[in-house]
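The sequence and the structure are shown below.

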Amino acid sequence: DGDLSLMWAEWQGRRPEWELTDMVVWVTGASSGIGEELAYQLSKLGVSLVLSARRANELERVKRKCLENDNLKEKDILVLPLDLTNTNSHEVATKAVLQEFGKIDILVNNGGRSQRSLLLDTNLDVYKELMDLNYLGTVSLTKCVLPHMIERKQGKIVTINSLMGVMSAPLASGYCASKHALRGFFNGLRTELATYPGITISTIYPGPVQSNIVKNAFTEEVRKSVGCEGDQSFKMATSRCVRLILITMANDLKEVWISDQPFLLMTYLGQYMPTFMLWLSSKLGKRRIENFKNGVDADSSYFKPLKKKHE
Ligand SMILES: NC(=O)c1ccc[n+]([C@@H]2O[C@H](COP(=O)([O-])OP(=O)(O)OC[C@H]3O[C@@H](n4cnc5c(N)ncnc54)[C@H](O)[C@@H]3O)[C@@H](O)[C@H]2O)c1
């Protein structure tokens, strides 16, 4: 369920339990899904945590649950509400973290939203929102945190991209575009930072993972989200995805793919036989659109034979 470098790192590499303790980790989108689970698994490692998303009450809930496992004290977790699209607030937020903990070892750019709508039905504003949030929001926060890491000549910037940043699928053209943009941005930035070997840029490309991503996805109109979660049974368990993210961080892997089959296989196919993969994507895409129009989760039924059950 991961690319070969990641699987090797899981088998033979450094353990998160050895590498990530005593670090200050800032997680965006920490109120739900992958970001929430990251907060729980990181809190078990004894790191200092900064939890950001828009809703303070949800972040407080996550904080309370993190404190249940005794590894952290109240003062080790900072709840810092932040809207990624409000880029004017990012500098102040960065200063607040530095004032509280004195350093930022790891920034996890995780907050984001997906899309379930066809281009022809979709207001252009939805495309702008997706770029503002997934792309520019992430670029902005990274730009605020990076000078501090450069000063210390160390740090990790970890971004939760998506296999949709490598491949593409129907009903998510704006989401795919924002994630492809992030891929280009971070691959470019990594080369700009070649003189700082202590600063790592890691980009994680997950396939379908259990979370609220579909429920919160944009639709044809900016103010209308999907609102229901649909079938999650075929998706990777959030805890497994997050464990592999921690292994990526501990081993400073630069690009990882995390997914059950057949999505992982399709990503490999895309590297070796791009035309065949794009043909296959269109075939499967037709089914995805049919599912969507019939009110079924876009991905839920077309891979039934390969479906895996996760709890
Ligand atoms: N779940 C999947 O299948 C999947 C697959 C690939 C990539 N991803 C990526 O993982 C990341 C996390 O998504 P998830 O699956 O946990 O979904 P989720 O909806 O459960 O969580 C998204 C988080 O982002 C936050 N967020 C949304 N808009 C924000 C804003 N304007 N400012 C600050 N925070 C905001 C939400 O509050 C929430 O905490 C996203 O970047 C998503 O693109 C998810």
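## Model and confidence

The chain has an average pLDDT of 94, and 96% of its residues score at least 70; pLDDT is the predictor's confidence in each residue, on a scale from 0 to 100. The scores for the model are ipTM 0.99 and pTM 0.96.

The model is predicted: local features are given at pLDDT of at least 70 and side-chain atom pairs at pLDDT 80 or more, while totals for chains, interfaces and linings use all residues. Residue numbers start from 1 along each chain as its sequence is written.

Helices (H or I, at least four residues) and strands (E, at least two) are DSSP runs, numbered from the N terminus.

## The nonpolar core

The largest nonpolar core has 77 residues, and Val25, Val27, Ala39, Leu49, Leu51 and Leu107 have the most contacts inside it. Such a core is a set of buried Ala, Val, Leu, Ile, Met, Phe, Trp, Tyr and Cys residues joined through C-beta atoms within 7 Å. Buried means that 20 or more other C-beta atoms lie within 10 Å of a residue's own; with 12 or fewer the residue is exposed, and in between it is partly exposed, with C-beta atoms placed from the backbone.

Leaving out residues up to four places away in sequence, Leu49 touches Val25, Val27, Ala39, Leu42, Ser43, Cys66, Asp76 and Ile77. Two residues are in contact if their C-beta atoms, placed from the backbone, lie within 7 Å.

Helix H8 covers residues 238-250, and its 13 residues should span 18 Å at 1.5 Å a residue; the end C-alpha atoms are 18 Å apart, in agreement. The expected span is 1.5 Å times one less than the number of residues. H8 is largely enclosed by the rest of the structure, because 10 of its 13 residues are buried. These buried residues are Thr238, Cys241, Val242, Leu244, Ile245, Leu246, Ile247, Thr248, Met249 and Ala250.

For helix H10 (residues 274-293), 20 residues at 1.5 Å each should span 28 Å, and the distance of 28 Å between its end C-alpha atoms agrees. Just after H10, Gly295 has a positive phi of about 80°.

Most residues other than glycine have a negative phi, and most peptide bonds are trans. Asp252, which follows H8, is a residue other than glycine with a positive phi, near 50°. Asp252 sits in the loop between H8 and E7 and is partly exposed, with 18 other C-beta atoms within 10 Å. Lys153 also has a positive phi, near 55°. Its place is the loop between helix H6 (124-152) and strand E5 (155-160), where Lys153 is exposed, with 11 other C-beta atoms within 10 Å.

The peptide bond between Gln261 and Pro262 is cis, with omega about 10°. Pro262 belongs to the loop between strand E7 (255-258) and helix H9 (263-272).

## Other loop residues

Two residues, Leu84 and Asn86, are found in the loop between strand E3 (77-79) and helix H5 (90-101). Leu84 is buried, with 26 other C-beta atoms within 10 Å, whereas Asn86 is partly exposed, with 13. Leu84 touches Thr28, Gly111, Leu133, Gly137 and Leu141, not counting residues up to four places away in sequence. Leu84 and Leu141, 57 residues apart in sequence, have C-alpha atoms 7.8 Å apart. For Asn86 and Leu136, 50 residues apart along the chain, the C-alpha separation is 9.9 Å.

Lys235 is in the loop between strand E6 (199-206) and H8. Lys235 counts as buried, with 25 C-beta neighbours inside 10 Å, and touches Pro208, Val209 and Gln210, not counting residues up to four places away in sequence.
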